Amino acid sequence: MGVKSKAAAAIVVLLLFFGSLWIQGGLDYHWDSCLKGYNQVNTLHQLYNSSEADGAEGPQVIEGCPGQTFQVSLLHSHLLAAPAYTSDVLMQPYLSSWDELVRFMEALGPMVGLISKEIESKTSIIRQLALLSEGNPEAELGPDIHSINSVSGEAGTKNDKEASQHAGAYHSVRSMIWVELNRGLVDFHHQTDSGCRTLLRLHRALLWLKLFLEKLGETPAAGRLRSPSELCREAYQSTLANHHTWFVRRAAELAFIAMPERGFFFRLVCVQDQGELNTVLNRVVQAIGEVYDRTQKALEENNMLDLP
């Protein structure tokens with residue numbers, strides 16, 4: 001406890017500065033607060049794309065966890081609802097997944113929860129851009145299940161692009177990319193407040209969380225279970241650290257020291273042991289992986305993986 005107390009005290013000095021740098025990866029300009037303009041209604045517990053079914057009976061739905069602000073069941077269902085067409089991602093469930101991941105981070109305490117504030121600013125930027133685009137948040141961010149299923153069996157990215165273009169500008173990842181490119185909103189050399197640049201920052205953070213949850217769910221064949229702090233630090237070093245300055249990397253190392261022990265995560269997702277945690281997190285990680293891979297492909301095809 002002494003080590004954690006010292007680390008926590010050290011982090012307090014860095015809190016305000018570190019929070020604004022986390023996703024940006026450097027001395028980036030600060031975003032003003034944006035109105036979300038969209039109140040998520042939790043009606044997606046069992047909503048998912050039939051084309052992504054895990055076996056003949058479809059993916060297993062994770063049950064809710066009474067008394068917890070963070071609901072792994074909601075996170076899972078939002079992630080399952082996000083994939084659309086053959087290689088696109090719907091923006092509403094994607095952002096709703098981030099809402100739940102923010103609650104996950106906030107549950108880990110103020111040091112880790114600080115990161116969630118920067119992520120919230122990113123999701124707010126995309127939601128605000130959708131509002132400004134057509135002035136109809138439900139039309140912009142609402143999933144069109146009929147159009148998803150009608151083209152999900154058709155071939156390739158070309159169909160995805162054509163289908164996305166007929167939806168709202170910020171209806172999906174591909175529609176946002178297509179619209180912002182055509183409107184000249186994406187700058188490949190200078191920082192802008194485009195949705196594409198903002199998505200890239202969220203995309204990088206999603207890989208960090210995916211890897212952390214994957215490591216947390218692993219059960220080693222022999223030896224001890226490593227601490228969540230160690231696993232989170234390792235996941236960070238192989239992902240987000242590659243985009244951060246020396247100062248931010250050092251601050252992150254301190255923040256992870258204050259992460260709760262493994263038993264806390266059992267209670268957070270309502271499981272009794274590591275075996276049950278493995279089962280739940282494997283489903284979540286698989287769903288994150290599908291969303292991440294589709295987003296990665298869309299960004300890569302448009303040369304957007306290194307937007308400043």
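**Entry 1: the ring cluster.** I started with the aromatic side chains of this predicted model. Phe70, Phe104, Phe212, Phe264 and Phe265 are joined into a cluster by ring pairs.

**Entry 2: one pair on its own.** Next I asked how the rings of Tyr236 and Phe256 sit to each other: stacked, tilted or edge-to-face? Their centres are 5.5 Å apart and their planes stand at 65°, and planes over 60 degrees apart count as edge-to-face, so this pair is edge-to-face. I also looked up where the two partners come from. Tyr236 belongs to helix α10 (residues 228-237) and Phe256 to helix α11 (residues 246-257).

**Entry 3: buried or exposed?** I checked the accessibility of both partners. Tyr236 has a relative accessible area of 1%, and buried means under 20%, so Tyr236 is buried. Phe256 comes out at 0% and is buried by that cut-off too.

**Entry 4: α3 against α4.** I moved on to helix packing. Helix α3 (residues 91-107) and helix α4 (residues 110-134) have axes that come within 8 Å and cross at roughly 160°. Angles over 145 degrees count as roughly antiparallel, and therefore α3 and α4 are described that way. The crossing of α3 past α4 is left-handed. I listed the contact residues: on α3 they include Met91, Leu95, Trp98, Asp99 and Glu106, and on α4 they include Val112, Ile115, Lys117, Glu120 and Arg127. Sorted by type, the residues of this contact are nine nonpolar, four polar and five charged.

**Entry 5: α3 against α9.** How do the axes of α3 and helix α9 (residues 195-217) cross? They come within 12 Å and cross at roughly 55°, which makes α3 oblique to α9. Here, too, α3 passes in a left-handed crossing. From α3, the contact is made by Tyr94, Trp98, Leu101, Phe104 and Met105. The α9 side includes Leu199, His203, Trp208, Phe212 and Leu213. I sorted these residues as well: 13 are nonpolar, one is polar and none is charged.

**Entry 6: tying it together.** Phe104 and Phe212 take part in the contact of α3 with α9, and both belong to the phenylalanine cluster of my opening entry. Trp98 of α3 meets α4 and also takes part in the contact with α9.

How values were computed: Residues are numbered from 1 along each chain as its sequence is written. This is a predicted model: local features need pLDDT of at least 70, side-chain atom pairs count only at pLDDT 80 or more; totals for chains, interfaces and linings use all residues. Side-chain values use heavy atoms; hydrogens and water are left out. Rings of Phe, Tyr and Trp (its six-membered ring) pair if their centres lie within 6.5 Å; planes under 30 degrees apart count as stacked, over 60 as edge-to-face and the rest as tilted. Helices (H or I, at least four residues) and strands (E, at least two) are DSSP runs, numbered from the N terminus. Buried means under 20% relative accessible area, exposed over 50%, partly exposed in between (1.4 Å probe, protein chains only). Axes are lines fitted to C-alpha atoms, for helices over the stretch in contact, and angles run from 0 to 180 degrees between N-to-C directions. Angles under 35 degrees count as roughly parallel, over 145 as roughly antiparallel, 65 to 115 as roughly perpendicular and the rest as oblique. A crossing is left-handed if the near helix is turned anticlockwise from the far one by less than a right angle, and right-handed if clockwise. Contact means heavy atoms within 4.5 Å. Ala, Val, Leu, Ile, Met, Phe, Trp, Tyr, Cys and Pro count as nonpolar, Asp, Glu, Lys and Arg as charged, and the others, Gly among them, as polar.
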